[in-house]
Amino acid sequence: MDSYLDTNRANWNDRASVHAARTGLGYGVQRYIDDRALLSGVVLFDRERLGDIAGLRTVHLQCHIGTDTLSLARLGATMTGLDFSAKSLEQARRLAEKTGTPIRYVESDVYGAVEALGGEQFDLVYTGIGALCWLPDIQRWARTVAALLRPGGRLFIREGHPVLWSLDYERPDNLLVLAYPYFEQPEPLVFDEPGTYVETDAVFTHNTTNEWNHGIGEIITAVLGAGLSVTGFVEHQTVPWEALPGRMRQIDTNEWQLTDHPERLPHTYTLQAVKTSV
Ligand SMILES: C[S@@+](CC[C@H](N)C(=O)[O-])C[C@H]1O[C@@H](n2cnc3c(N)ncnc32)[C@H](O)[C@@H]1O
């Protein structure tokens with residue numbers, strides 16, 4: 001392993017097929033095959049803010065096994081999914097095929113997306129829910145997003161809040177304790193965790209990850225600096241996974257919330273921005 005990309009890619013490749021298990025907890029891929037109208041919880045949450053996306057040429061960055069990508073296609077968008085994990089894309093392609101949905105999947109590091117997509121520009125760049133934490137440089141990400149958008153095109157991201165990412169997620173009491181950096185750091189946080197965020201008995205080989213946090217001001221400044229105008233920014237009191245295990249309750253089928261005084265914590269945010277410069 002000679003770079004953060006190799007380390008993280010190996011981790012994701014290890015977990016993709018478990019995430020794509022057709023039944024059980026987690027992504028529940030079989031449900032999308034059985035019900036051709038089903039939308040993922042993530043896209044259902046976004047739907048109101050997304051508005052009508054029918055016909056929009058859309059790229060989903062860090063699309064993983066494609067459940068959200070498929071859901072966006074079901075809302076009528078013309079979808080391209082991009083991810084650096086070949087094993088994730090294998091699962092995403094299988095799901096698209098089994099549901100008869102035309103989706104193009106492209107294997108690439110996010111920072112190589114412009115080249116991998118041949119300079120194509122899109123009406124909508126969609127990303128989030130565990131995407132930005134894998135990227136060391138938020139300004140480079142924002143420049144990549146800008147280059148992927150046509151003038152007038154839109155960025156839509158719902159993401160874990162950097163305050164949430166900075167919390168001690170293993171703390172046994174109800175205190176919210178800042179244990180990790182809120183601001184972007186040059187060096188990654190290195191974690192070694194044997195499991196994954198879906199319930200499984202599977203044993204994985206590659207358990208190390210390299211991760212970074214990015215503060216809200218850094219994200220917004222990067223987006224503005226890349227030539228986009230912010231058109232919406234909302235902080236939410238829910239998150240679509242049990243981010244602080246044992247300290248959250250599921251408030252509907254798709255969203256989790258801190259059990260004790262959730263109003264203390266911005267759980268996630270939705271940022272929308274439009275490319276104004278050419
Ligand atoms: C938690 S998933 C987010 C996707 C989506 N929200 C979901 O839950 O299905 C993170 C994805 O980012 C991908 N990823 C991580 N670093 C990447 C990079 N540098 N370039 C492209 N994809 C990357 C991983 O392969 C993984 O599929």
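Select Thr58 first: its bridge partner in strand S2 is Met79. Strands here are DSSP E runs of at least two residues, helices are H or I runs of at least four, and both are numbered from the N terminus. The model is predicted, so local features need pLDDT of at least 70 and side-chain atom pairs count only at pLDDT 80 or more, while totals for chains, interfaces and linings use all residues. Residues are numbered from 1 along each chain as its sequence is written, and side-chain values use heavy atoms, with hydrogens and water left out.

Next, display strand S1, residues 57–61, together with S2, residues 78–83. The two strands run parallel and are joined by five bridges; strands count as paired if DSSP finds at least two bridges between them. Between S1 and S2 the chain passes through helix H4, residues 67–74, in a right-handed β-α-β crossover. Right-handed means that, with the strands pointing away from the viewer, the path from the first strand over the helix to the second runs clockwise.

Four of the five residues of S1 are buried, where buried means under 20% relative accessible area, exposed over 50% and partly exposed in between, with a 1.4 Å probe and protein chains only.

Move on to H4. This helix is largely enclosed by the rest of the structure, because seven of its eight residues are buried. Among them are Thr67, Leu70 and Ser71. Ser71 has 0% relative accessibility and therefore counts as buried. Its side chain reaches the backbone nitrogen of Ser40 at 2.9 Å. After H4 comes Gly76, with a positive phi near 105°.

Finally, select the ligand and its surroundings. Which residues come nearest to the ligand? They are Tyr27, His64, Asp83, Asp109 and Val110, out of 19 around it; a residue is near if one of its heavy atoms lies within 4 Å. By class, this shell has nine nonpolar, seven polar and three charged residues.

- Gln62: a polar side-chain atom lies 3.3 Å from a ligand oxygen atom.
- His64: a polar side-chain atom lies 2.8 Å from a ligand oxygen atom.
- Asp109: a polar side-chain atom lies 2.8 Å from a ligand nitrogen atom.

Taken alone, the ligand exposes 590 Å², of which the protein buries 96%; accessible areas come from the Shrake-Rupley method with a 1.4 Å probe.

Methods
A polar contact is a pair of N or O atoms within 3.5 Å; within protein, one must be able to donate a hydrogen and the other to accept it, and residues adjacent in sequence count only if both atoms are side-chain atoms. Ala, Val, Leu, Ile, Met, Phe, Trp, Tyr, Cys and Pro count as nonpolar, Asp, Glu, Lys and Arg as charged, and the others, Gly among them, as polar.
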